[in-house]
Amino acid sequence: MHATDHLKEAERLMTVCNSCRYCEGLCAMFPAMELRRSFADADLNYLANLCHGCGACYVDCQFSPPHEFNVNVPQVLAKVRTGSYKSYAWPKAFQPMFDRNGLAIAIVAAISVAAFILGFTLWHGAEVLSTDSGQFYQLMPHNTMALLFGGVALYALFAMAMGFATFWKEIGANSVHAASGGSLWQATKDAAGLRYLDGGGVGCYNEDEKPTDNRRLFHHLTFYGFMLCFAATTTGTLYHYLLDWPAPYAWNELPKLFGIPGGIGLVIGPIGLMHAKLKRIPDMTDPAKFGMETAFLAMMFATGLTGLVLMVARETPAMGVTLAVHLGVVFALFLTMPYGKFVHGFYRFGALALYAAERKAEQPATVAG
C-alpha cells in the first residue's frame, strides 16, 4: 500500500522498467532501480530524487505513450519528487504550503517586508529616502538587519536540515554508510557537475525532440550565482564584525567581486531555466506544480536583479526604495526556502551520496519501517 497514487504508479513503472532495462546507461536512477526487487515509498522517493527529468528515457522507451503500457518515467517521478518535498517538510503544519500558490506567497511576503521597512523609515526619518550618501544603515541599522535576516536564514536552514534528516533516515542511507567520505565526495562531484543532466550524453529533450545541454548551463548559472551571492554576503559580514570594516566596499573588494557575477548568474540562469521549462515536451512535466517551480525561479531572478539594481543606484536618491525592495525579496526567499523547489538540491545530493554508497557496497539500502 502506497501513500499516494503517484507512488503507486511509480512502482508500476519501476516494475516494467526493471523487466526491460534498456535505459540502464542513461543515468544513475536505472542502475539504482536494478538493485531492488520491490519498491517501498522511501525507495521511490530516493529514485525520484536521483532523476533529473532530462527526458532521455521517455524518448528512448518503446513503452512510452501512446503505447498501452504508458511508461512515462520523467512525469511520474517529477510528481513523486514534488511529493517528497512536501512529505519531508518541517514542521508538518507547514506542509500544505506546497499545495498553494507558491509564487503568490513569495510575492506577498516580499511586498509586505519592503512596505514595512519603508513605513518604518518614513515614521522615523523620511529624509533617509532622499539621501544619496550610499549608507545602507541609515535606512536600517546593521545590527537590526543582521538580527532580522540572520534569524529567518537560521530558521530556513534548521527547517531544511530537519526535513533532510527525515529523508536521509527513511531512505536508509546509514545502512550502507552513505555519509562516508568517499560517498560524500563522489556526490559532491556529481552534483557540482550535474553529471546526470546530460540524458546519457546527448542533453535534455524539448518539444522539438532535439536534445540540448542548455538546461545544464542555466542550472549552473543559477546555482553558482546563488553561491557567489552567498559568498558576497558572508565576506561582507566577516569584514564588518571581524575587521571592523563596514560597507560600502570598492569594486575590487571581495564582496563586490563575488556579488556582481553572482547577481548576473541569478538573472540569466532563472530566465534560461524558465525558457527551457516552457519548451519541454508537455507530457514529461508535472503541470500541477508549475506554480511552485515558477516561484523558485522568480525569487532567484528577483534576488539577483534587485541586488544589481541596488548596486547601481546605491549613491542616488533611489537607494532607500531599492534597498527596501531587495531586502523584502531576500526575506521572502529565505522564508519560502524550506517549502519550495529550493530543497531539491539537498535531497538530490542525499540521493547521489546513497547511490555512490550502494555502488560501493553492491547492495541496496535498507529503508526504514
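Tutor: Gladly! For helix packing we need one convention: axes are lines fitted to C-alpha atoms over the stretch in contact, and angles run from 0 to 180 degrees between N-to-C directions. Keep in mind that this is a predicted model.

Student: At what angle do helix 8 and helix 13 pack?

Tutor: Helix 8 covers residues 181–193 and helix 13 covers residues 344–361. Their axes lie 8 Å apart. The angle between helix 8 and helix 13 is about 125°.

Student: Are helix 8 and helix 13 parallel, antiparallel, perpendicular or oblique to each other?

Tutor: Roughly perpendicular takes in 65 to 115 degrees, and roughly antiparallel starts over 145. With an angle of about 125°, helix 8 and helix 13 are therefore oblique.

Student: Is the crossing of helix 8 and helix 13 left-handed or right-handed, and which residues of helix 13 make the contact?

Tutor: The crossing of these two helices is right-handed. On the helix 8 side, the contact is made by S183, L184, Q186, A187, T188, D190 and A191. The partners in helix 13 are F349, L352, A353, A356 and A357.

Student: How are helix 3 and helix 5 oriented, and why?

Tutor: Helix 3 (residues 41–50) and helix 5 (residues 73–88) pack with their axes 8 Å apart, at an angle of about 115°. That makes helix 3 roughly perpendicular to helix 5.

Student: Which residues of helix 5 meet helix 3?

Tutor: From helix 3, the residues taking part are L44, N45, L47, A48 and N49. The crossing of helix 3 and helix 5 is left-handed.

Student: Is N45 buried or exposed?

Tutor: N45 sits in helix 3. Leaving aside neighbours within four places in sequence, N45 is in contact with L7, V80, S84, Y88 and F167. Buried means under 20% relative accessible area. N45 has 7%, so N45 is buried.

Student: What does the side chain of T322 reach at 2.9 Å?

Tutor: T322 belongs to helix 12 (residues 319–336) and is buried, with a relative accessible area of 15%. Beyond four places in sequence, T322 is in contact with V309, L310 and A313. At 2.9 Å, the side chain of T322 reaches the backbone oxygen of A318.

Student: What is the phi of R21, and what is that of N70?

Tutor: Most residues other than glycine have a negative phi. R21 lies in the loop between helix 1 and helix 2, and is partly exposed at 31% relative accessibility. N70 is in the loop between helix 4 and helix 5, partly exposed at 39%. Phi is positive in each: near 65° for R21 and near 50° for N70.

Definitions and conventions. Residues numbered from 1 in each chain as written. Predicted model: local features only at pLDDT ≥ 70, side-chain atom pairs only at ≥ 80, totals over all residues. Heavy atoms only, no water. Helix = DSSP H or I, 4+ residues; strand = E, 2+ residues; numbered from the N terminus. Parallel < 35°, antiparallel > 145°, perpendicular 65-115°, else oblique. Left-handed = near helix turned anticlockwise from the far one by under 90°. Contact = heavy atoms within 4.5 Å. Buried < 20%, exposed > 50% of the residue type's maximum accessible area, 1.4 Å probe, protein only. Polar contact = N/O pair within 3.5 Å; in protein donor to acceptor, adjacent residues only side chain to side chain.
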